[in-house]
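Please look over the sequence and the model below before reading on.

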Amino acid sequence: MGRVVSLTCHRCGTEYPPGRNYFGCPRCAEAGKPSNLITNYDLDAVARVVDRSVYAGREPSMWRYKELLPADDEHIVTLGEGYT
């Protein structure tokens, strides 16, 4: 799942593994307090495979920063969206 290490609930701090679709924190949802998850990245791993200068030459879309998004190249789907 790209360079995603884990997902952490911003309310309760529960950490979840990547690779599954979550619609917020399951633990907080059960308690009736919906909460978002924060994506934790291995930024050192990103720095080892891509230099910042590569971003300037890429197409202006959200996929310009694909190393920081939770998708591997073979799972990228686009509808022509721009920067989001």
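This is a predicted model: local features need pLDDT of at least 70, side-chain atom pairs count only at pLDDT 80 or more; totals for chains, interfaces and linings use all residues.

## Overall architecture

Taken along the principal axes, the C-alpha atoms fill a box of roughly 45 × 30 × 20 Å. Of the 84 residues, 25% count as buried, and the accessible surface comes to about 6100 Å², with 52% of that area belonging to carbon and sulfur atoms. Among contacts between residues at least 6 apart in sequence, 37% join residues that are at least 24 apart.

## The sheet

The three strands form an open sheet in the order β2-β1-β3, with antiparallel pairing. Its edge strands are β2, residues 15–16, and β3, residues 37–41, each of which pairs on one side only. Strands of a sheet pair through backbone hydrogen bonds, either parallel or antiparallel.

Strand β1, residues 4–9, pairs with β2 over two bridges, and glutamate 15 in β2 is the bridge partner of threonine 8. These two strands form a hairpin with five residues between them, and glycine 13 in the turn has a positive phi of about 85°. The pairing of β1 with β3 is antiparallel as well and runs over five bridges; here valine 4 has tyrosine 41 of β3 as its bridge partner. Strand β1 is mostly covered, in that five of its six residues are buried.

## The nonpolar core

Which residues make up the largest nonpolar core? This core has six residues, namely Leu7, Cys9, Tyr16, Tyr22, Cys25 and Cys28.

Cysteine 9, one of the core residues, touches Thr14, Cys25, Cys28, Ser35, Asn36 and Leu37 when residues up to four places away in sequence are not counted.

## The segment after α3

Helix α3 covers residues 53–56, and lysine 66 lies in the segment after this helix. Proline 60 and serine 61 are found in the segment after α3 as well. Leaving out residues up to four places away in sequence, proline 60 touches Gly82 and Tyr83, while serine 61 touches Glu81, Gly82 and Tyr83.

Is serine 61 buried or exposed? Serine 61 has a relative accessible area of 5%, and because buried means under 20%, serine 61 counts as buried. Lysine 66, with a relative accessible area of 25%, is partly exposed, because that class covers values between the 20% limit for buried and the 50% limit for exposed.

## Distances across the chain

Lysine 66 and arginine 3 are 63 residues apart along the chain, and their C-alpha atoms are separated by 9.6 Å. Proline 60 and proline 34, by contrast, are 26 residues apart in sequence and 33 Å apart in space, again from C-alpha to C-alpha.

How values were computed:
Residues are numbered from 1 along each chain as its sequence is written. Side-chain values use heavy atoms; hydrogens and water are left out. A nonpolar core is a set of buried Ala, Val, Leu, Ile, Met, Phe, Trp, Tyr and Cys residues joined through side-chain atoms within 4.5 Å. Buried means under 20% relative accessible area, exposed over 50%, partly exposed in between (1.4 Å probe, protein chains only). Contact means heavy atoms within 4.5 Å. Helices (H or I, at least four residues) and strands (E, at least two) are DSSP runs, numbered from the N terminus. Two strands pair if DSSP finds at least two bridges between them. Accessible areas come from the Shrake-Rupley method with a 1.4 Å probe; for residues, only the protein chains shown count as cover.
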